[in-house]
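I opened this notebook to keep track of what I looked up in one structure, entry by entry. Each entry takes up one topic and notes the cut-offs on which the terms rest.

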Amino acid sequence: MKLSQFYIKTRRSMAAQESINSYLLEKAGFISQVAAGVYAYLPLATRSLRKIEQIIREEMNSIGASEVVFSTLQPKSIWEASGRWDDKNFREIVYIDKESDMTLGPTHEEPMVIATRQFIRSYRDLPVNLYQFQTKFRKELRAKSGLLRGREFRMKDLYSFHPDEKAHDEFYEQCAEAYTKVFGRLGLTSYRVKATGGVFSNEYSDEYQVICPTGEDEILVDHKSRTGFNKEVEDQLKESEKKKLERVRAIEVGNIFHLGTKYTDAFDVKYADPSGKLRSIYMGCYGIGISRLLGTLAELYNDGNGLKLPKQVAPFEVVVIDLTSTKTGLKLHNELEELGVEVLFDDRDEPAGTKLVDADLVGYPIRLVYSTKTAQDGKIEIKERANGKVTLVNLEDTVKSVQKLLG
RNA sequence: CGGGCUGUGGCGCAGUUGGUAGCGCGCGUCGUUCGGGACGACGAGGUCGUGGGUUCAAGUCCCGCCAGCCCGACCA
């Protein structure tokens, strides 16, 4: 891909911002703010979000879930049926258009139950595991911290339906393992943290938290087992238990809930067991904040010069900068692209400094610079963004070296 | 929803005791440059968030509203 044909607009001057993730993502041209807690995802962010979603997609598919795309617009009747329409706490966070009696979906328990109930009549129809990538809307009283708490945000939400509690718990654990894998693949160390169920569930929930000093949650963790407790439930711990835990700030990147039969019973959905007896359906829901993950990664992977996103989520793997008047850089780019490497060629008519500064800002994991200096010895410079390591390799070995670095 | 701060060319900002708006970057043209956001010359670009009010005169003073940021409360 040539940079001139791809929309990357980095910013030279930016107002100082408290939030590192929105400052850097906006400066590097990933996002553009629309309103408090509302951002447009520009081409760079779009590519990163896709890569994050693909990793999640693979892990969700591997535990037997099917991807769907449900509607964002939801009629009032959906909420009335479950009784949530009259739940004041819940209603306060929902964008409602009173004229059409429609809402912008803040979550999808109800639509999932409604869409599946006619097909879940027998134990043979269970389990059902559906997930989607969706934009959610919630009236945050105070949007803040860039992508970490928005009023509009990307989310992966999975809903599962099971014949009994035991079956649900088994899937719940499978999903928990999948979540640990997802965050690991993204380059994050996640902690499974006990928390209250909030307005969604009367039971406990498990949150997936990533330690980050700028996070808004306070949790108590055990590093060895990668587990912990949210501050909101700490008074239920014994002093001796608390002593063993470290208190840290963190960002909640995912969570999983036991919903029990709350929603299925509300809609009176039952299935027939082998003896023909009608039974309640057990449900769970499992969320991952996609846009929040991008914010978290930006928050953790950066330095004074810009972003350092891990290669599995960086918008491109390699950038090629040719400071000579030859076609060497372009040819290299073409060759890498042929091989399936996500490579960008900076073909702008800009001074060297601009290209180098932008490369650091966007944070391409691998930067190739070909210049008259390196050309003298028939070499090219390879720089790794993550550790700043610079090596000079023979021009003909470039592709091999890049592939080695990309693993 | 309470408290604080801030709204001025595209972006970042300055604007004194009220006197009719300026700087840097970016942008356009030309030339010189080319390994860390180059340099020179010329040029384009602003109803100062918004609605009232005070005044001969308001970017500047007063009041309301809106928006953004931060703290708190709240929050899958």
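**Entry 1, the whole chain.** I began with contacts: residues 24 or more positions apart account for 69% of the contacts in chain A with a separation of 6 or more, where two residues are in contact if their C-beta atoms, placed from the backbone, lie within 7 Å. I note here that this is a predicted model, in which local features need pLDDT of at least 70 and side-chain atom pairs count only at pLDDT 80 or more, while totals for chains, interfaces and linings use all residues. Residues are numbered from 1 along each chain as its sequence is written, and chains are lettered from A and ligands numbered from 1 in the order in which they are written.

I then looked up the overall make-up of chain A, which has 13 helices and 23 strands; these are DSSP runs numbered from the N terminus, with helices (H or I) of at least four residues and strands (E) of at least two. The C-alpha atoms of chain A fill a box of roughly 80 × 50 × 45 Å along the principal axes. Of the 407 residues in chain A, 40% are buried (buried: 20 or more other C-beta atoms within 10 Å of the residue's own; exposed: 12 or fewer; partly exposed: in between; C-beta atoms placed from the backbone).

Helix H2 covers residues 43–62, and its 20 residues reach 29 Å from the first C-alpha to the last, close to the 28 Å expected at 1.5 Å a residue (the expected span is 1.5 Å times one less than the number of residues). I listed the buried residues of H2 as Leu44, Ala45, Ser48, Leu49, Lys51, Ile52, Ile56, Glu59 and Met60. After H2 comes glycine 64, with a positive phi near 80°.

How are the axes of H2 and H6 placed? Helix H6 (residues 165–185) packs with H2 at an angle of about 155°, and the two axes are 10 Å apart; axes are lines fitted to C-alpha atoms, for helices over the stretch in contact, and angles run from 0 to 180 degrees between N-to-C directions. This angle makes H2 roughly antiparallel to H6 (under 35 degrees counts as roughly parallel, over 145 as roughly antiparallel, 65 to 115 as roughly perpendicular and the rest as oblique). On the H2 side the contact is made by Ile55, Ile56, Glu59, Met60 and Ser62, and on the H6 side by Ala178, Lys181, Val182 and Arg185. By class, this contact of H2 with H6 has five nonpolar, one polar and three charged residues, with Ala, Val, Leu, Ile, Met, Phe, Trp, Tyr, Cys and Pro counted as nonpolar, Asp, Glu, Lys and Arg as charged, and the others, Gly among them, as polar.

I next took helix H9 (residues 290–300), whose axis comes within 10 Å of that of H2 and crosses it at roughly 110°, so H2 and H9 are roughly perpendicular to each other. Ala45, Ser48, Leu49, Ile52 and Glu53 in H2 meet Ile290, Ser291, Leu293 and Leu294 in H9, and the residues of this contact divide into six nonpolar, two polar and one charged.

Helix H1 (residues 20–27) also packs with H9, at an angle of about 95° and with the axes 8 Å apart, which makes H1 roughly perpendicular to H9. Ile20, Asn21, Leu24 and Leu25 of H1 make this contact with Gly295, Ala298 and Glu299 of H9. The contact of H1 with H9 divides into four nonpolar, two polar and one charged residue.

Is leucine 148 buried or exposed? Leucine 148 sits in the loop between strand E7 (128–137) and strand E8 (152–162), and it counts as buried because 28 other C-beta atoms lie within 10 Å. Leaving out residues up to four places away in sequence, leucine 148 touches Asn21, Ile251, Arg292 and Gly295.

I found a cis peptide bond joining leucine 126 and proline 127, with omega about 0°; proline 127 lies in the loop between helix H5 (109–116) and E7. Aspartate 101, although not a glycine, has a positive phi of about 55°, and its place is the loop between strand E5 (95–97) and strand E6 (102–104). Aspartate 101 counts as exposed because it has 12 C-beta neighbours inside 10 Å.
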